[in-house]
Amino acid sequence: MIEVFIADYRIPAQIAAVVSLLDSYARDPAGGNVGLAEDIKQDLPAALAARPQMFSVLAFDDGEPIGLVNCIEGFSTFACKPLVNVHDVVVLESHRGRHIVHRMFACVEAEARTRGACKLTLEVLSGNQPALRAYEREGFAAFQLDPSFGTALFLQKRL
């Protein structure tokens, strides 16, 4: 039986699931093929719990963690409302193709609406076609304001 819910970072089993699933994602080719450093795994529970703008959605199958979506509340200045950025999406390989993402995104969307968010955002690697198809099924599309300016790109600068 699949259960999907908002994680409570104060419950040891739930935060352990968040860290374990995130580590699995980091070890996956889509996550960079390198697991989380031990200090990250140790510090992440307290860091997440200290940030009220963070929330995680967990999926469990018969008591075993199988899916995770980490989200960060941001703010849209154009809408003057919160937005929710979907930062990490994880489904263990054993459970892919079973619409777990759909169930987790329904939970994310419900929480975003509770927070008064105007939209959900996410970034995905262009070569991750299975993830792109899943996100498109959930209603995500490339962002643009004026087609003559093209679509938005996700950039980073490491500090």
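A salt bridge here is a side-chain nitrogen of Lys or Arg within 4 Å of a carboxyl oxygen of Asp or Glu. By this rule the count comes to 8 salt bridges. The model is predicted. Strand β2 has 8 of its 8 residues buried, so it is largely enclosed by the rest of the structure. β2 pairs antiparallel with β1 and with β3, and β3 in turn runs antiparallel to β4.

**Strand β2 and its neighbours**

- Burial of β2 (54-61) extends to both of its faces: M54, S56, L58 and F60 lie on one side, and F55, V57, A59 and D61 on the other.
- The pairing of β1 with β2 is antiparallel and runs over 5 bridges. Within it, E3 stands opposite F60 of β2.
- On the β3 side, β2 is joined by 8 bridges, again antiparallel. L58 stands opposite L68 of β3, and F60 has P65 as its bridge partner in β3.

**Hairpins**

- β2 and β3 form a hairpin with 2 residues between them. In the turn, D62 has a positive phi of about 50°.
- β3 (64-76) and β4 (81-91) are joined by 10 antiparallel bridges. I72 has N85 as its bridge partner in β4.
- The hairpin of β3 and β4 has 4 residues between the strands, and C80 takes a positive phi near 55°.
- F78 also lies in the loop between β3 and β4.

- α1 has 16 residues and reaches 22 Å from its first C-alpha to its last, close to the 22 Å expected at 1.5 Å a residue.
- The buried residues of α1 are Q14, I15, A17, V18, V19, L21, L22, D23 and A26.
- These buried residues pack against β1 (2-6), α2, β2, β3 and β4.
- D28 lies in the loop between α1 (12-27) and α2 (38-49). D28 counts as buried because its relative accessible area is 19%, and buried means under 20%.
- Leaving aside residues up to four places away in sequence, D28 touches N33 and R96.

- Side chains of opposite charge can pair when their charged atoms come close.
- D61 forms a salt bridge with R98, with the closest N and O atoms 3.7 Å apart. The pair links distant parts of the chain: D61 is in strand β2, R98 is in the loop between β4 and α3 (100-114), and the two are 37 residues apart.
- The two ends of this pair fall in separate accessibility classes: D61 counts as buried at 15% relative accessibility, while R98 is partly exposed at 43%.
- R113 and E109 meet in a salt bridge, at 2.8 Å from N to O. R113 and E109 are 4 residues apart in helix α3, so they are separated by about one helical turn.
- R113 is exposed, at 61% relative accessibility, whereas E109 is partly exposed, at 34%.
- R115 forms a salt bridge with E111, the closest N and O atoms being 2.8 Å apart. R115 has a relative accessible area of 21% and is therefore partly exposed.
- E73 joins E111 and R115 in a network of salt bridges.

**Nonpolar surface patch**

- F78, F143 and L145 form a nonpolar patch on the surface, and together they have about 420 Å² of accessible area.
- F78 is exposed, since its relative accessibility is 76% and the cut-off for exposed is over 50%.

Note on methods. Residues numbered from 1 in each chain as written. Predicted model: local features only at pLDDT ≥ 70, side-chain atom pairs only at ≥ 80, totals over all residues. Heavy atoms only, no water. Buried < 20%, exposed > 50% of the residue type's maximum accessible area, 1.4 Å probe, protein only. Contact = heavy atoms within 4.5 Å. Patch = residues over 30% accessible without salt bridge, like charges linked within 9 Å, V, L, I, M, F, W, Y side chains within 5 Å. Areas by Shrake-Rupley, 256 points an atom, 1.4 Å probe, with all protein chains shown as cover. Expected span 1.5 Å × (residues − 1). Pairing = 2+ DSSP bridges.
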